[in-house]
Amino acid sequence: MGSQVPLKPRGRDSGPVFSGVAPEIIEDTLIHLATENEQYLSELPEQAGRFKETRIVEFIFLLSEKWHLDQSICYQAVELLERFMIKQVEQMCDDRGNAKGREQGQRSSWSSVRDQIASTFVLRLVSCVQLASKLSLHYSRVTSDTALKFLQSLKYSYTKQELLESELAVLNTLHFHINVSTPLAYVELLLEVLGYNGCLLPAKPLHQLCVQLLDFCYLARETIYDILLKIAIENPTPSKLQIAKFLTVKEDSMLLAVGVISAGVFILSPGHWEQVVEHLNCITGITPQSILEFSYAVVRRIVGSSTPEQHRGSHGSKSPEDRAVPQK
């Protein structure tokens, strides 16, 4: 991404606007998100993504829905839990390594570490949802009574004190650094830039569809990125090294955001799709090919294993299916 965000002056007939945010604020925020994303990818832990399994994400989504929480809280809770669990596992492994020379009992065994994680996992998950709700300006903050009632419905007998200690455990493990940007923030800001630059898009319907697609990408994460990896290497059987190197792609929030928007525009307003891909390339520096390949992986996962029906616009522009599949 370049040093200058390409924001065009808005004229009287520039079309629908996503909001009235000043261009300087949009530019500063976009640069901040891009920098944050690049820094995270440069320091990516090997275990990244391990705690974004479908059943974990689905649990958080359903719990957030039960508590009528804002959509942004769902993603914040997923990211919080992921970062906390990785740190916790690292700490436990370090303790195990330090204890190995002195003690060979159950405490130093891998099964003990696993059991220790499993015994408090649901409690930690609930704490992450609670903390995420407190970060949001949304009125539906999750109280201790609400959290305890839910845990009791699952036959857990935690006290308010234990619930508080669980929140503190998450905060201390993450050194109170819990307010991180989620992929939803990237999606919404890029939609803002597209609107400011005069892309004639149906703002509200596109935003709603992009959120649904982002949900889908979280829930079908492994399948989507498996398709994307095989497209990238042009081989149906990637090696362990290729899978390991692909981790930075799986954790790239900016790539996820542009892929979701591209897929959303292709579904909702295909006549504007090629223009949007060009804009996203100009804004983020992500190549059109990468954007198209991600769109293809998402659309292919939605419709199933067979290739989606090809779509061509009035000017003969190719769809993600046409342009993303490597030609041999």
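1. The largest share of the lining of the second largest pocket comes from α7, with four residues. Helices here are DSSP runs (H or I, at least four residues), numbered from the N terminus. The model is predicted: local features need pLDDT of at least 70, side-chain atom pairs count only at pLDDT 80 or more, and totals for chains, interfaces and linings use all residues. Residues are numbered from 1 along each chain as its sequence is written, and side-chain values use heavy atoms, without hydrogens and water.

2. The second largest pocket holds about 360 Å³ of space. A pocket is an open set of points on a 1 Å grid over the protein atoms alone, where a 1.4 Å probe fits, with protein on both sides within 12 Å along at least five of seven lines; lining residues have an atom within 4 Å of a point. A volume is the space filled by probe spheres set on the points, which are joined across faces, edges and corners.

3. Of the 18 residues that line the second largest pocket, Ser72, Gln76, Val180, Thr182 and Ala185 lie nearest its centre. At least two lining residues come from each of α1, α3, α4 (110–135) and α7.

4. By class, the second largest pocket is lined by nine nonpolar, eight polar and one charged residues. Ala, Val, Leu, Ile, Met, Phe, Trp, Tyr, Cys and Pro count as nonpolar, Asp, Glu, Lys and Arg as charged, and the others, Gly among them, as polar.

5. The largest pocket has a volume of about 790 Å³. Its lining comprises 29 residues, with Glu36, Tyr40, Glu79, Arg83 and Val180 closest to the centre. The lining divides into 11 nonpolar, seven polar and 11 charged residues, and α3 contributes the most, with five.
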